[in-house]
Amino acid sequence: MPELPEIEAIRVVLAKELVGKKIKSIAITNGKLVGRHKTAKEFRAHLEGHAIKGVTRLGRNLLIALDDAATLVIDPGPTGQLLRAKGPKDAKPKHTQAVFTFSQGPELRFVDANATSEMYASVKPAEGEVTVLNKFVDRLALSEDGKVIRRAIPELATLGLDPVIDQFGWDRLGIVLQVAKQPIQTVLKDQRLVAGLGDVYAAETLFTAGVRENRSSETLTSVETRRLHRALIEVISEGLKLGGTTVAPENWVDPDGKGGGYQSHLQVFGREGEPCSQCRTKIQRSETSEYLSFYCARCQA
Ligand SMILES: [Zn+2]
C-alpha cells in the first residue's frame, strides 16, 4: 500500500512534471473510481481545460490544485498506481481506470486491479462556510498548514494528524493514545487518528520504539510514548529520504516506474523467520482483521 513516503515520492514527480500544464482531457473507464460524482462527465467538467497550480499531499491523498480553485484528490488505496506513459505508443497497462492527457507531455494513467481507490474534484467551500476539523487536528496540530488544506478540501476534514504536515510532539501523540484505547498498530493505521501510515511504516516504527504491535495504546508509559514519537518521525523521514518502499505484493513504483529504496532498510516488515538485526531472535508475524505486523518478541514489549 502506498503510505506517506510513497505518496510523497509520487507528489515530487507530478509536481515537477505537471505544474503549469493544462488538463486537456480525462477518460474514465471505471465509473466507480469517481463514484462521489453523479457522472464521470460531471467529474471531468471540473477539471478539463484547467491549469495545474500545484501538487500537495495530506495523509495518503494526492492533491492536485487547479486554477479554478477546484482540487483533484486522488486516494490510490492499497493498490492504485499512477504511471506516466513512456511514449505516444506505450500501450495502456491492464486495469487502467483513468487516463489524463495534458497540454504537453505524456499522458498519466491511473491503474488499479481493485476497486478500492478513488478520485474526485473538490470544490472550495463558499466564503463563510465553516468546516469542522478532526478534533485531534483541531486541538493538537502545531502547524496551521494541514488545517488550511482541510478547510479548502472539506472531504479531508475528518483526516487525523499527518506526522509531517500537522506536526505534533510526543505529549500530543500521548493524548491520541489515551483517547484511542486500541492496539497500538491499529491506532497508527487509523486515518482518523494518524494519517499517512499503513502496515509497513507502523510495524517499522513499533520495532524502532521497542513496543509490541498489540499493546493497548493507553498502556504506553510516557517513556514509551516519547520513544514511539521519535521512532515515528525517524522512520517516516528515512522512508521519505529513500523515496519510499517497494515490497510485494503491490510492488509500488513512482509515476516513472521507479521503485523506492527503503525496502532494504526494513527491520521487521516481511522478514518473518529471519534473525532480528539487534538480537538475532527470529522475527515473528502477527495478523488480525485490523493489521498485518512483524515483530521481535525480545526487542519489543
Ligand atoms: Zn530483537
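Guide: A crossing is left-handed if the near helix is turned anticlockwise from the far one by less than a right angle, and right-handed if clockwise. Helices are DSSP runs of H or I with at least four residues, strands are E runs of at least two, and both are numbered from the N terminus. This is a predicted model: local features need pLDDT of at least 70, side-chain atom pairs count only at pLDDT 80 or more, and totals for chains, interfaces and linings use all residues. Residues are numbered from 1 along each chain as its sequence is written, and side-chain values use heavy atoms, with hydrogens and water left out.

Visitor: Is the crossing in which α1 passes α8 left-handed or right-handed?

Guide: α1 passes α8 in a right-handed crossing. Helix α1 (residues 4–18) and helix α8 (residues 222–241) pack at about 30°, with axes 8 Å apart.

Visitor: Which residues of α1 and α8 meet?

Guide: L4, P5 and E8 in α1 meet I236, G239 and L240 in α8; contact means heavy atoms within 4.5 Å.

Visitor: Why is the site of the zinc ion called tetrahedral?

Guide: Four donors count as tetrahedral if all angles lie between 85 and 135 degrees. The angles here are 99 to 113°, so the site is tetrahedral. The donors (N, O and S atoms within 2.8 Å of the metal, 3.2 Å for Na, K and Ca) are the SG atoms of C276, C279, C296 and C299, at 2.2 to 2.4 Å.

Visitor: What makes C279 count as buried?

Guide: Buried means under 20% relative accessible area (1.4 Å probe, protein chains only). C279 has 18%, so C279 counts as buried. C296 is also buried, at 0%.

Technical notes:
Axes fitted to C-alpha atoms, helices over the stretch in contact; angles between N-to-C directions. Tetrahedral: all angles 85-135°; square planar, octahedral: opposite > 155°, others 65-115°. Buried < 20%, exposed > 50% of the residue type's maximum accessible area, 1.4 Å probe, protein only.
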